[in-house]
Amino acid sequence: MKKMLLDIHTHTIMSGHAYGTMRENIYAAKEKGLKLIGISEHAPGIRGACNPIYFLNFAVVPRVIYGIEVFHGSEVNVLNDGSLSLDQRHLDSLDYGIVGIHSHCYDDQGIEKNTDNLISCMKNERIFFVSHPDDDSTPLDYKRLVEAAKKYHVALEVNNSSLLNPEDRLNCYENYRIMLPLCLEYRVPIYIASDAHDPSAVGEFSKAIELLEEIGFDEELIINNDVNKFKKFIKYA
């Protein structure tokens, strides 16, 4: 499998429950041989997440640090009414939005309503990615999810952290083995995420790559292996 060149789902101390700074994460990306890193702090809804003003001041951060391109996103929460936990003004300041269900601010409503709520959030034009759609604590209808990802130009995540800690993500391996063949069938892109909450995890994709190779996943549908593919996908000029 081609080398992965970017990691777009990483967190720093600004998320409230992670343990490295932005520059520590970027340096870790350099050490791992990456070309691009995305800093995607948690949006409001999770205790300790950064104040929304954080997302309005990215202009002060150099686009290249330690020779690594730096992009800014946010992991935004799905709320129980199907809305996003970050308003449009702040979403518009991002290079890209990731949306995900987190039990800290979401109560399971069953497979159909969970899927409805996630798809509702995927419709926002600043949302390009879905984080860790793998946990049966909030089950999803994968056929509907993949069809919606195709329709709304959204890539689905294979979360390496989930696969490293499957006891915390109910049936995550089984769910990826359902979702990924559907992505192949519908030609829906995916991305591999470290979901790093410490610099040591930046660029750590081993379990995800192992699973993708087991399935025989098409590398052309993986966004991480080409910086230009990523930039084109998020419509970055």
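**Exercise 1: The largest pocket**

By class, the 37 residues that line the largest pocket comprise 10 nonpolar, 19 polar and eight charged residues. The model is a predicted one.

*Task.* State how much space lies in the largest pocket, which residues lie nearest its centre, and which element gives the most to its lining.

*Solution.* 
1. The space in the largest pocket is about 690 Å³.
2. Nearest the centre of this pocket lie H132, S161, R169, D195 and H197.
3. Two elements, β5 (96–100) and α5 (160–164), each supply at least two residues of the lining.
4. Of the elements, α5 gives the most to the lining, with four residues.

**Exercise 2: The nonpolar cores**

*Task.* Determine how many residues the largest nonpolar core has, and identify the residues with which L156 is in contact, leaving aside neighbours within four places in sequence.

*Solution.* 
1. As background, nonpolar side chains in soluble globular proteins tend to be buried together.
2. The largest nonpolar core has 61 residues. Those with the most contacts inside this core are V99, M122, L156, M179, L180 and I190.
3. Helix α6 (residues 172–186) contributes the largest share of this core, namely seven residues.
4. Apart from neighbours within four places in sequence, L156 is in contact with V130, L145, V146, A149, M179, C183, V188, P189, I190 and Y191.
5. A second, separate core has 17 residues, including L5, L6, Y191 and A193.

**Exercise 3: A residue in a loop**

*Task.* Locate T138 and decide whether T138 is buried or exposed.

*Solution.* 
1. T138 is found in the loop that runs between β6 (127–130) and α4 (142–152).
2. The relative accessibility of T138 is 13%.
3. A residue counts as buried under 20% relative accessible area; therefore T138 is buried.
4. Beyond neighbours within four places in sequence, T138 is in contact with I101, Y106, D108 and N114.

**Exercise 4: The cysteines**

*Task.* State how many disulfides a search of the whole structure finds, and examine C121 and C183.

*Solution.* 
1. The search of the whole structure finds zero disulfides.
2. For C121, the nearest cysteine sulfur is that of C105, 10 Å away. A disulfide requires two cysteine sulfur atoms within 2.5 Å, so C121 is in no disulfide.
3. For C183, the nearest cysteine sulfur belongs to C172 and is 16 Å away; C183 is likewise in no disulfide.
4. C121 is buried, with a relative accessible area of 1%, and C183 also counts as buried, at 0% relative accessibility.

Notes. Residues numbered from 1 in each chain as written. Predicted model: local features only at pLDDT ≥ 70, side-chain atom pairs only at ≥ 80, totals over all residues. Heavy atoms only, no water. 1 Å grid on protein atoms, 1.4 Å probe; cavity = no way out; pocket = protein on both sides within 12 Å on 5 of 7 lines; lining within 4 Å. Points joined across faces, edges and corners; volume = space filled by probe spheres on them. Nonpolar A, V, L, I, M, F, W, Y, C, P; charged D, E, K, R; others polar. Core = buried A, V, L, I, M, F, W, Y, C linked by side-chain atoms within 4.5 Å. Buried < 20%, exposed > 50% of the residue type's maximum accessible area, 1.4 Å probe, protein only. Contact = heavy atoms within 4.5 Å.
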